[in-house]
Amino acid sequence: MSTRRFIKIGNSVINTNAIRRVWFDEKAFEIELNPAGTTGFLMMGSGSFHADSDHIKVIKEKHPDSYKEMEKWIQDITLGNQN
């Protein structure tokens, strides 16, 4: 497991604990963050809840530095899980 707690993406710093899922290919990373909260209602035992997750898309051509940071982070995780 990676020991990095934060990743710099553009002008933001992301806490790696807030990352829920990452999709990637040779051109882009798409990062889904954990929902910050939920909305909904509950009435007499039934109802509905919904949570919105933020997404960040890092495109290799548009964001080369951020793309390299994500590559390093993924490599750290991959290599750390081989032990």
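**A chat about the chain**

Author: Buried residues make up 22% of the 83 residues in the protein chain. Buried means under 20% relative accessible area, exposed over 50%, and partly exposed in between (1.4 Å probe, protein chains only). This is a predicted model, where local features need pLDDT of at least 70, side-chain atom pairs count only at pLDDT 80 or more, and totals for chains, interfaces and linings use all residues. Residues are numbered from 1 along each chain as its sequence is written, and side-chain values use heavy atoms, with hydrogens and water left out.

Reader: Which residues have the most contacts inside the largest nonpolar core?
Author: Ile-19, Met-70 and Trp-73, in a core of 13 residues. A nonpolar core is a set of buried Ala, Val, Leu, Ile, Met, Phe, Trp, Tyr and Cys residues joined through side-chain atoms within 4.5 Å.

Reader: And which elements give two or more residues to this core?
Author: Strand S1 (6-9), S4 and helix H1 (64-80). H1 gives the most, with five residues.

Reader: What is Met-70 in contact with?
Author: Leaving aside neighbours within four places in sequence, Met-70 is in contact with Ile-7, Ile-9, Val-22, Phe-29 and Ile-31. Contact means heavy atoms within 4.5 Å.

Reader: New topic. Is Glu-32 buried or exposed?
Author: Glu-32 counts as buried because its relative accessible area is 7%. Glu-32 sits in strand S4 (residues 28-33). Beyond neighbours within four places in sequence, its contacts include Arg-20, Arg-21, Trp-23 and His-55.

Reader: And Phe-41, buried or exposed?
Author: Phe-41 is exposed, because its relative accessible area is 51%. Phe-41 lies in strand S5 (residues 39-43).

Reader: Last one. Where is Asp-25?
Author: Asp-25 is in the loop between strand S3 (19-24) and S4. Asp-25 is partly exposed, with a relative accessible area of 41%.

Reader: How far apart are Asp-25 and Ile-59 in space?
Author: They are 9.9 Å apart, C-alpha to C-alpha, and 34 residues apart in sequence.

How values were computed: Helices (H or I, at least four residues) and strands (E, at least two) are DSSP runs, numbered from the N terminus.
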